[in-house]
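This report describes how some parts of one protein chain pack against each other. Please look at the sequence and the model before reading on.

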Amino acid sequence: MSSTTSQPGHAHGLLVIDGPTAESLVSIDEAIALADTALRQTSDGTAQQDIRRTLPLPGTAGTCLSVMYGSASEAEPFGAKVQSVYPHNFEHQRPSHQGGVLLFDRETGRPVALINASAITGMRTPAASAVATRALSRPDACELALIGYGEQAERHIATIGAVRPISRVRVWGRNPEKARAFAGQQTSKGMPTVPYDTARAAVDGADIVCTVTSAKLPVLMGEWLTPGTHINAVGASVATLQEVDLQCVKRSRIWVDYMPMAMAAASDIFEPLAKGIIGPSNLVGEIGAALNGTIAGRTAPSEITLYRSLGVPAQDIVFANFIFQKARDLGLGVEVTL
């Protein structure tokens, strides 16, 4: 294998783009716009994709090899994201998601780019939450509660703050010392953040709640929620994990990112749906359909709205294509010959 530094307009080999380079090429506003595009394409049929395929691995709940593949549009490269998911890596200062997104040329099928998957996952997940928050939360929502202080917590503060006038953040996590440290760091960066001793206290009265954990059992209970709250349930990406309880699901109107994925991986939704505990009045549809205007979004200030995030291939491919094109134009990344 040989390698050279990429030059503008030169793309004959495989362009390898590392995490820091990928993140430097996407602003928060651009990330939100890309997520919006991907969610719309998911719901209007432009994107071709399948559900996430996982191979469970020994270890804590959620440890797996994950494969997601798809095509966002007929005019751009298609591809696949392959990554390992090790939820407890965060405790050892290592990324929980590690792998790459491989893009293929539309005309020839030649692999053209390999991009750090942790960077793409890290950016597109909170951006999708921001898109859903902008569509579903009350416009004056200003109090954000975070359940969890891991990799996605800080990113959600930044992206949610880009679409709503967040003035204060509440945080709770299983380790009070880490929650206090997280709160101190965010406050020092200019966002007043308060740690709470219980999840219930953190959630009580919050306008927006984001669950960003790897919890196997629910950490957010429906009885705690104030009318008008919007929830982004983000952390449970496989059926063996659940962050929200049944009461939360029953009290909410729910939107998902990709219905086939939700019916395969969101056990907090598909199990009560199969039992008749919830129905169409609860599960409204895909958030992209709400963005496209084919289904309703929030219909009353007092509603509790829930965006159930699982991540879909179109998001990864849309982000990867943007990063690939920008890196190639700027002569960034390393080109290799396989």
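## Packing of helices and strands

In helix α2, the residues Glu 30, Ala 31, Leu 34, Ala 35, Ala 38, Leu 39, Gln 41 and Thr 42 meet Ala 314, Gln 315, Val 318, Phe 319, Phe 322 and Lys 326 of helix α11. By class, this contact of α2 with α11 holds nine nonpolar, three polar and two charged residues. The model is predicted.

Two packed helices are described by the angle between their axes and the distance between the axes. The table gives these values for two helix pairs.

| Helix pair | Residues | Angle between axes | Distance between axes |
|---|---|---|---|
| α2 and α11 | 28-44 and 313-330 | roughly 135° | within 8 Å |
| α3 and α4 | 117-136 and 151-161 | about 45° | 9 Å |

Because of their angle, α2 and α11 are oblique to each other, and their crossing is right-handed. The helices α3 and α4 are therefore also oblique to each other, and the crossing of α3 and α4 is right-handed. On the α3 side, the contact is made by Thr 121, Gly 122, Met 123, Thr 125, Pro 126, Ala 127, Ser 129, Ala 130 and Thr 133. On the α4 side, Gln 152, Arg 155, His 156, Thr 159 and Ile 160 take part. The contact of α3 with α4 has five nonpolar, eight polar and one charged residues.

The next element is a sheet. Eight strands form an open sheet in the order β11-β10-β9-β12-β13-β16-β14-β15, and the pairing is parallel. At the edges are β11 (193-195) and β15 (283-286), each of which pairs on one side only. On average, neighbouring strands of this sheet are turned by 20° against each other, direction ignored.

Within the sheet, strand β9 (residues 143-147) pairs with strand β12 (residues 208-211) in the parallel sense over four bridges. Leu 144 stands opposite Ile 208 in β12. Helix α4 packs on the sheet and touches β9, β10 (168-172), β12 and β13 (230-233). The direction of α4 makes about 160° with that of β9. Helix α5 (residues 176-188) packs on the sheet as well, touching β9, β10 and β11, and its direction makes about 170° with that of β11.

How many aromatic pairs does the structure hold? The structure holds one. Phe 78 and Phe 104 form this stacked pair, with 5.5 Å centre to centre and 10° between the planes. Phe 78 lies in strand β6 (residues 78-85) and Phe 104 in strand β7 (residues 97-104), so the pair ties together parts that are 26 residues apart in sequence.

Terms used:
Residues are numbered from 1 along each chain as its sequence is written. This is a predicted model: local features need pLDDT of at least 70, side-chain atom pairs count only at pLDDT 80 or more; totals for chains, interfaces and linings use all residues. Side-chain values use heavy atoms; hydrogens and water are left out. Axes are lines fitted to C-alpha atoms, for helices over the stretch in contact, and angles run from 0 to 180 degrees between N-to-C directions. Helices (H or I, at least four residues) and strands (E, at least two) are DSSP runs, numbered from the N terminus. Angles under 35 degrees count as roughly parallel, over 145 as roughly antiparallel, 65 to 115 as roughly perpendicular and the rest as oblique. A crossing is left-handed if the near helix is turned anticlockwise from the far one by less than a right angle, and right-handed if clockwise. Contact means heavy atoms within 4.5 Å. Ala, Val, Leu, Ile, Met, Phe, Trp, Tyr, Cys and Pro count as nonpolar, Asp, Glu, Lys and Arg as charged, and the others, Gly among them, as polar. Two strands pair if DSSP finds at least two bridges between them. Rings of Phe, Tyr and Trp (its six-membered ring) pair if their centres lie within 6.5 Å; planes under 30 degrees apart count as stacked, over 60 as edge-to-face and the rest as tilted.
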